[in-house]
Amino acid sequence: MSINHAVLGLLSIKPFSGYDLKKLIQDSFFMPWSGNNNQIYKALVELHDEGLVSKTVQHQESSPSKKIYAITAKGSAELKKWMLAVPDAPEFKKIFLIQLAWADQLDQEEIETMLSQYEKEIKIQILIRQEKKVRGSFSPDRTERETYLWDMIHDNLVSSLNYELYWIKKLRQGLRRFDKEDNNHELSSS
């Protein structure tokens, strides 16, 4: 998925400036981009060049003029075409799993520290997402069905994070048997 389609989706709600789009993407709980200026403005230039968005300049008295972007009919057709395309497979890129792959080189206490730090990060992410939902993070809410879809996106992400907590617990339980085996091996060696 390109950021271009996310921008088209946001512009399908209403026209926005590049700055507004940047804030929406940064504050999103499910869009994977950082929302930096380069990403947003590059996407807007590409979309404008392809005729998928229009641009108007809004002059302001005490501030610099700002460019407001709106989706065109061609942009709406492209967005719909993309929505109906076969979805990409889910991405499961977790740096933690790469760290864990070589964790056998650590002692049990170091592994526990590693797991505790990861668990803490997961809990923080859950709290952030729950807080954003309570505060009413951006959701178009144009229809009841759309509100339900956005709620389910939130639930999907929080469920994934909750599963991570379950998985950490399961991992710890499994690692305990190796701790016992190491202790038994040390006793039998003495």
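So, glutamate 46: at 29% relative accessibility it counts as partly exposed, where buried means under 20% relative accessible area, exposed means over 50%, and partly exposed is in between (1.4 Å probe, protein chains only). Before I go on, this is a predicted model, where local features need pLDDT of at least 70 and side-chain atom pairs count only at pLDDT 80 or more, while totals for chains, interfaces and linings use all residues. Residues are numbered from 1 along each chain as its sequence is written, and side-chain values use heavy atoms, with hydrogens and water left out.

Back to glutamate 46. Who is its partner in a salt bridge? That's lysine 42, and the closest N and O atoms are 3.6 Å apart. A salt bridge here is a side-chain nitrogen of Lys or Arg within 4 Å of a carboxyl oxygen of Asp or Glu. Both residues lie in helix α3 (residues 37–49), four residues apart, about one turn of the helix. When I say helix or strand, I mean DSSP runs: H or I of at least four residues for helices, E of at least two for strands, numbered from the N terminus. Lysine 42, at 54% relative accessibility, counts as exposed.

While we're in α3, have a look at glutamine 39, which lies in that helix too. Glutamine 39 counts as partly exposed, at 25% relative accessibility. From glutamine 39 to aspartate 49 is ten residues in sequence and 15 Å in space, C-alpha to C-alpha.

Okay, how many salt bridges does the structure hold? Six. In general, side chains of opposite charge can pair when their charged atoms come close. Another of these pairs is arginine 172 with glutamate 112, at 2.9 Å, N to O. Arginine 172 sits in helix α7 (residues 144–189) and glutamate 112 in helix α6 (residues 108–134), so this pair ties together parts that are 60 residues apart in sequence. Arginine 172 counts as buried, at 15% relative accessibility, while glutamate 112 is partly exposed at 30%.

Then there's arginine 142 with glutamate 146, at 2.7 Å, N to O. And there's a network as well: salt bridges that share partners join Glu112, Glu119, Lys123 and Arg172. Arginine 142 is partly exposed, with a relative accessible area of 44%. Glutamate 146 is in helix α7, and it is buried, at 13%. Leaving aside neighbours within four places in sequence, glutamate 146 is in contact with Pro140 and Asp141, contact meaning heavy atoms within 4.5 Å.

That brings us to aspartate 141, in the loop between α6 and α7. Aspartate 141 has a phi near 55°, which is positive in a residue other than glycine. Most residues other than glycine have a negative phi, and most peptide bonds are trans. Aspartate 141 is partly exposed, with a relative accessible area of 44%.

Now for the inside. A nonpolar core, for us, is a set of buried Ala, Val, Leu, Ile, Met, Phe, Trp, Tyr and Cys residues joined through side-chain atoms within 4.5 Å. The largest one has 21 residues, and the ones with the most contacts inside it are Ile3, Val7, Leu8, Leu11, Leu21, Ile25 and Leu44. Which elements give two or more residues to this core? They are α1 (3–11), α2 (18–27), α3 and β3 (66–71). The biggest giver is α1, with six residues.

Zoom in on leucine 8: apart from neighbours within four places in sequence, leucine 8 is in contact with Leu47, Leu52, Val53, Ile71, Gly75, Glu78 and Leu79. There's also a second, separate core of twelve residues, including Phe96, Met114, Ile126 and Leu161.

Histidine 5 is buried, at 14% relative accessible area. Not counting residues up to four places away in sequence, histidine 5 touches Glu78, Leu79 and Trp82.

What about α2? Its buried residues are Gly18, Leu21, Lys22, Leu24 and Ile25. Looking down the axis of α2, these fall within an arc of 165°, so they line one face of the helix; the arc is taken from the directions from the helix axis to the C-beta atoms.

One last stop, isoleucine 98, in helix α5 (residues 95–101).
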